[in-house]
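Have the structure open as you read.

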Amino acid sequence: MDIWGIVIESVVKILFVLTIMLLTVSYLVLAERKVSAWIQSRLGPNRVGWGGALQPFADVAKLLLKEDIVPKAADKTLHTLAPFLAIFIAFSTYAVIPFGPPITLFGREINLHLADVNIGVLYVLALTSLGVYAITFAGWSSGSKYSLLGGIRSSAQMISYEVSMGFSIGGVVMMASSLSPVDIIESQSGWMWNAIVQPIGFITFLVSAFAETNRLPFDLPEAEPELVGGYHTEYSSMKFASFFMAEYANMIIASGMIVMLYLGGWQVPYIEKLGLGSPFTQIIQTLSFFVKVGFLLFFFIWVRWSIPRFRYDQLMNLGWKVMFPLSLLNIVWVAVVIMLFN
Amino acid sequence: MNFELLLFIVFALVAAVSSLMMITRKNAVISAVFLVLNFFALAGLYLLLNAQFIAVVQIIVYAGAIMVLFLFVLMLLNTGKEEAILHGKKPIKYFAIFIAAVVFLQVAYLLVFGSGSFTSNPDIEASLSSGTVETIGREIYTKYIIPFEAAGFLLLAATIGALILAKKKFE
Amino acid sequence: MPQTTNEYLLILPFLVLSAGIIVSLCVELFFRKGKELLPYLSIALFLIVAYLSVGQIYEKNVLFGGMLITGGIPAIFNLLFAAAGVLVMLNSIGFLKKYGFYHGEFYLLTQLSVLGMMLMAGSGDLVTVFLGLELMSIPFYVLVGMNRKKVSANEAAMKYFLLGAFATGFIVYGIALIYGIMGNTSLIDLTENFYIYSENIIFITGFILILIGFSFKIAAFPFHMWVPDVYQGAATNVTGLMSTMGKSAAFSVIFILLTAVFMNDAGSKLGNYFAVIATLSMLYGSIVALSQNNLKRMLAYSSISHAGYMAIGLAAGNKAALAGIMFYLAAYTFMNLGAFGIISIIEGEEDKQTDLNSYAGLAKRFPFLAGMMALIMFALAGIPPMAGFFGKYYVFISAIQSNMTWLALVGILSSVISVYFYLRVVVYMYFKEPGEEISVKSDYSAYAAVIFAGILILSLGLFPDTFLSVIEYIISV
């Protein structure tokens, strides 16, 4: 067995995924500004490069050159650790999400995901549940009231929505009877997408995903009008940029998760009937994954600029009194479906 | 030295050091952070034992939910006054050391003289798969169905109780 | 582990109660008048459980791979819990309105705690024991503190919770040690190889830790600190609930743990532990109760001494003792429920009228209540043809059989002391002039509960052999 082949394959895959992630993150920021401008009938950034195409690089340069300020009242270690934690968790989650069917290259079968963990879904849940630490640490260690309030809100919000998120995933796992991402995607062949089979679970997961990524209408941890910048009020320079990147990376992961769990992953219904042959089918399938993720990212941005922010009690009511019972209902529904059709 | 042993030593060291740091830090929030780190090291040890489910649950439930709530409370409360009590009374410290020594001796005794299931397992294959999600799920829904359902009702009771005691006003 | 529908039929009492809890929850949640309905729903549930348990008395089954045992002694305990539950429910309908806590959650929590007790009584595994114990205790903590406006209730709940959690800690630690030695948590294995395991010092340490934990729950002497304040601070119907059913459930687990000892008529090294506990509890409870003026507090101390009498049986550790304690528990349950029922009827708002002076001259104002109270006090004191007498009698006999005559003598001495404070209530009711006017609202369901309790006490006292022969038959099988 050629160990070097595996090493090279892994390194190439990691580099590929990282590059794509970083590029997507930077252009997602641009996309957000462009889409928001479009929604609000503005022009948006259009000075750097062609129609603003180089804007992300200008932003990065600006942030890199800024002074890194650590407040006097801050706990230095945690204050420094928090942004790294945020970005580390955001990027390592992607390891288990498959973005395409297995392909054959240079005589090797290559799986288009970094690691096939047979409890992959639990791995993602574990890591996303840790994401809250970055924000909580940032909020506490900054030594500022606004940051602290952001951190506290974040921890309460994350825990509340993680419950319905976990239960929604429960329905998916029941359908696939496996925790492995590959099995889950394969269980949704044809039009058996989970979004169609279990629409309630899809909705609860989608809403929870918004809450977990701290996106509007659930961005209470940063809530600019009330908390200045929330947990990242006291951050500047690259540390601030890390939080910023982590937020967008989390969006991509959430979209990837939704596609994997509910929209059939890389599958295109009935594509094998077209008889396109080996390489084209795989390419179309892989592209379909990216198209689905792209649409969901657009959806994230769309919602952000359309819906106002929830009040804190509304957020908690929605989480515990609506989403949680609905996700339980979804489990019952899935159980009934399985009983009837298997 | 094989890779597994190396990992074990790393995780064990992290677990031991982080738990020491946890009880010696003055600031309760920092203590909680070290406890989280300790949970991670434990999860790693569980993984080495092939107990994936426990490992992941350790992170999701303990590190991801319970400790977040701990931090939530610690951050809401001003913990400055708590330190004085813990660091002021010496006898409590010695009592704690005594208890820790007793527990350590007991665990050591159990490891040496305990039942056979600790020293050698006749069915290594079974023990390898006993920590997977599938095995645990099957056990929970067959042999342990009664305790499992009882635990469900226990949580229901606790929820109802907490709601009564914390509800702002009735009707 | 193969599971058949048969297994689920055999745990029907549990299933019915569990389903009933969910139904009650929905009724309380979705219907505005739901809480008016809940007490009757609970009574119906308990009656069904009782009916189903009666059918199971003679067929003993080990279910779910040894997790749960139905039939036999567990069935008798279920019957006891269900009957006591009915009495508590009848008592609570009117009382909760008066007490200022008129909410559906009371009934839900009571049902949940009864489910926990049934699990405890039927457990075949330490895991089930622990879960059942918690399922019983957590509703208790909440029920004690459910009236948040009352300071004494809050204090009681806090004390009960902290000491209860402490006791649970002992139990869990003991379970951990036993698991370390046995390699499993099965109580069946523990019973079969009890004498082999008990050679091991760690096993015995663990076992004693568990027993200490349950000594908290049965309110025996060195672990009784919470009893007076909690019994006094809690609502009277809740006190009735936990002083009787809680104690019975804890005893049911001790029975299971000590099955090997009881069945072999052999006694054990643990006999000394129980003998000490029994002596201290009996004497402490009886002597301190002498100086109590508050009836609830007096009954709290008397409950400590009753735990002591029953511990005599545990010290004796033979089949006669098992039957004796079962009888004692049944008698004690109905006596105490009756007594607390009467206290809850007489009790005014905000805990007024619970001291002895309120009972002065009661016989002239409420001859019926006074008569019932007198009957119950005679029974508690252990005057012959009452149920209390036979309970003590059987337990003392078992001690003499195990060559522990001195323990029986201490018991008799303590009974003699206790006659004073029980009969003092009777003296106050019949021979004292009424003091200040007391107001009592008539509450028919509570009267019914007291009458039922009285009937049960009398029938247990007049026909003790019927009940005892059933238990002896079960034990001999």
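Is C:Asn403 buried or exposed? Since 10 other C-beta atoms lie within 10 Å, and 12 or fewer makes a residue exposed, C:Asn403 is exposed. Keep in mind that this is a predicted model.

## Two loop residues with positive phi

C:Asn403 sits in the loop that links α19 (387-401) to α20 (405-431) of chain C. Its backbone deserves a look too: phi of C:Asn403 is near 60°, a positive value in a residue other than glycine. For background, most residues other than glycine have a negative phi.

C:Ala219 is another case, with phi near 65°, again positive in a residue that isn't glycine. You'll find C:Ala219 in the loop between α10 (201-218) and α11 (227-233) of chain C. What about its surroundings? C:Ala219 has 29 C-beta neighbours inside 10 Å, and 20 or more is the mark for buried, so C:Ala219 counts as buried.

## Chain C as a whole

Zooming out, chain C has 22 helices and two strands. Its radius of gyration is 21 Å, close to the 23 Å from the globule rule for 477 residues, so chain C is as compact as a globular protein of that length. Laid along the principal axes, its C-alpha atoms fill a box of roughly 65 × 60 × 40 Å.

Buried residues account for 60% of the 477 residues in chain C. As for how the chain folds back on itself, take the contacts between residues at least 6 apart in sequence: 80% of them join residues at least 24 apart.

## A helix pair in chain C

Two packed helices are described by the angle between their axes and the distance between the axes. For helix α3 (residues 34-56) and helix α5 (residues 105-121) of chain C, the axes come within 9 Å and cross at roughly 15°. Angles under 35 degrees count as roughly parallel, and that's therefore the label for α3(C) and α5(C). The crossing of this pair, α3(C) and α5(C), is left-handed.

Which residues do the meeting? From α3(C) come C:Leu38, C:Pro39, C:Ser42 and C:Leu45, and facing them from α5(C) are C:Tyr107, C:Thr110 and C:Gln111. Sorted by class, the contact of α3(C) with α5(C) has four nonpolar and three polar residues, and no charged ones.

## Chain A as a whole

Chain A has 12 helices and two strands. Along the sequence the order is α-α-α-β-β-α-α-α-α-α-α-α-α-α. A compact globule of 342 residues would have a radius of gyration near 20 Å, and the 21 Å of chain A agrees with that. The C-alpha box of chain A, along the principal axes, is roughly 60 × 45 × 45 Å.

In chain A, 45% of the 342 residues count as buried. Of the chain A contacts with a separation of 6 or more, 76% come from residues 24 or more positions apart.

## How the chains meet

Two pairs of chains touch, and the pair with the most contacts is B and C. Chain A and chain C share no contact, and their closest C-alpha atoms lie 13 Å apart.

The contact of chain A with chain B takes 19 residues from chain A and 15 residues from chain B. On the chain A side, α4 (120-141) and α5 (145-176) each supply at least two residues. The biggest share comes from α4(A), with nine residues. By class, that side of chain A has 14 nonpolar, four polar and one charged residues.

Terms used. Residues are numbered from 1 along each chain as its sequence is written. Chains are lettered from A and ligands numbered from 1 in the order in which they are written. This is a predicted model: local features need pLDDT of at least 70, side-chain atom pairs count only at pLDDT 80 or more; totals for chains, interfaces and linings use all residues. Two residues are in contact if their C-beta atoms, placed from the backbone, lie within 7 Å. Helices (H or I, at least four residues) and strands (E, at least two) are DSSP runs, numbered from the N terminus. Ala, Val, Leu, Ile, Met, Phe, Trp, Tyr, Cys and Pro count as nonpolar, Asp, Glu, Lys and Arg as charged, and the others, Gly among them, as polar. Axes are lines fitted to C-alpha atoms, for helices over the stretch in contact, and angles run from 0 to 180 degrees between N-to-C directions. Angles under 35 degrees count as roughly parallel, over 145 as roughly antiparallel, 65 to 115 as roughly perpendicular and the rest as oblique. A crossing is left-handed if the near helix is turned anticlockwise from the far one by less than a right angle, and right-handed if clockwise. The radius of gyration is taken over C-alpha atoms; the globule rule is 2.2 Å times the number of residues to the power 0.38.
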